[in-house]
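Here is a quick tour of one model, written for someone who likes to look at side chains. Keep the viewer open while you read.

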Amino acid sequence: AFVLAVSACVYPDPDPGPLYHARAIETALQVGNLELARSARTLARQRHSYNGTVLWWSATVSQMLGQNQTARAELQGLLHTADRAGISEAEIKGQIGGLLFRMGNYGESIPYLEAGSVGPEAERRRAFGKLAREIGRAHG
């Protein structure tokens, strides 16, 4: 028992992995605890900053907290992960486009909105892309 106690002090418990941390964020959000989700996000990003699932849930929390630049960087990072958390490239780009549009970066949002104009969000993203073009013409 003494050897185990010493070993536990020298060697910390192994990390349970990125999916565990991503699930902790998701669960905190499901129960409506944004502060817990924020804490879980911080730990997840410290340990697994390049994991697609962690980036996806982290970006979700960032958007909920109004940390749009952080969310944008996380979504951009998600595009470069191996599995993209199982989310299509088009969907991620559409998310980035919507975020850029909400941030007032209309011109920059257009190619992302166009690339993300697939699936159930296609019509809405195309409409926002057209609106962004019109705003650009009116102010350009």
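Is Glu 74 buried or exposed? At a relative accessibility of 3%, Glu 74 is buried, because anything under 20% gets that label. One thing to keep in mind as we go: this is a predicted model.

**Around Glu 74**

Glu 74 belongs to helix H5, which runs over residues 68-79.

Now move to the loop between helix H3 (34-47) and helix H4 (52-64), where you'll find Asn 51. Its side chain reaches two backbone nitrogens: that of Thr 53 at 2.9 Å and that of Val 54 at 3.0 Å. Beyond the neighbours within four places in sequence, Asn 51 is in contact with Pro 18 and Thr 81.

Most residues other than glycine have a negative phi. Arg 84, though not a glycine, has a positive phi of about 50 degrees, and Ala 85, not a glycine either, has a positive phi of about 60 degrees. As for accessibility, Arg 84 is partly exposed at 26%, and Ala 85 is partly exposed at 25%.

**The aromatic cluster**

How many aromatic pairs does the structure hold? There are two, and here they are:

| Pair | Centre to centre | Angle between planes | Arrangement |
|---|---|---|---|
| Phe 101 and Tyr 106 | 5.0 Å | 70 degrees | edge-to-face |
| Phe 101 and Phe 128 | 4.7 Å | 70 degrees | edge-to-face |

Why do these count as edge-to-face? Because planes over 60 degrees apart fall in that class, and the Phe 101 and Tyr 106 planes are at 70 degrees. Phe 101 and Phe 128 also have 70 degrees between their planes.

Phe 101 lies in helix H6 and Phe 128 in helix H8 (residues 122-139), so their pair ties together parts that are 27 residues apart in sequence. Together, Phe 101, Tyr 106 and Phe 128 make up one aromatic cluster.

**Helix H7 and its partners**

Which residues of helix H7 (residues 106-115) are buried? They are Ser 109, Ile 110, Tyr 112 and Leu 113. These buried residues pack against H5, H6 and H8.

The chain has a mean pLDDT of 90, with 90% of its residues at 70 or more. Residues 1-11 are another story: the pLDDT there is below 50, and beyond near neighbours in sequence this stretch makes zero contacts in the model. Where pLDDT is low, the predicted coordinates should not be read in detail.

Terms used:
Residues are numbered from 1 along each chain as its sequence is written. This is a predicted model: local features need pLDDT of at least 70, side-chain atom pairs count only at pLDDT 80 or more; totals for chains, interfaces and linings use all residues. Side-chain values use heavy atoms; hydrogens and water are left out. Helices (H or I, at least four residues) and strands (E, at least two) are DSSP runs, numbered from the N terminus. Buried means under 20% relative accessible area, exposed over 50%, partly exposed in between (1.4 Å probe, protein chains only). Rings of Phe, Tyr and Trp (its six-membered ring) pair if their centres lie within 6.5 Å; planes under 30 degrees apart count as stacked, over 60 as edge-to-face and the rest as tilted. Contact means heavy atoms within 4.5 Å. pLDDT is the predictor's confidence in each residue, from 0 to 100. A polar contact is a pair of N or O atoms within 3.5 Å; within protein, one must be able to donate a hydrogen and the other to accept it, and residues adjacent in sequence count only if both atoms are side-chain atoms.
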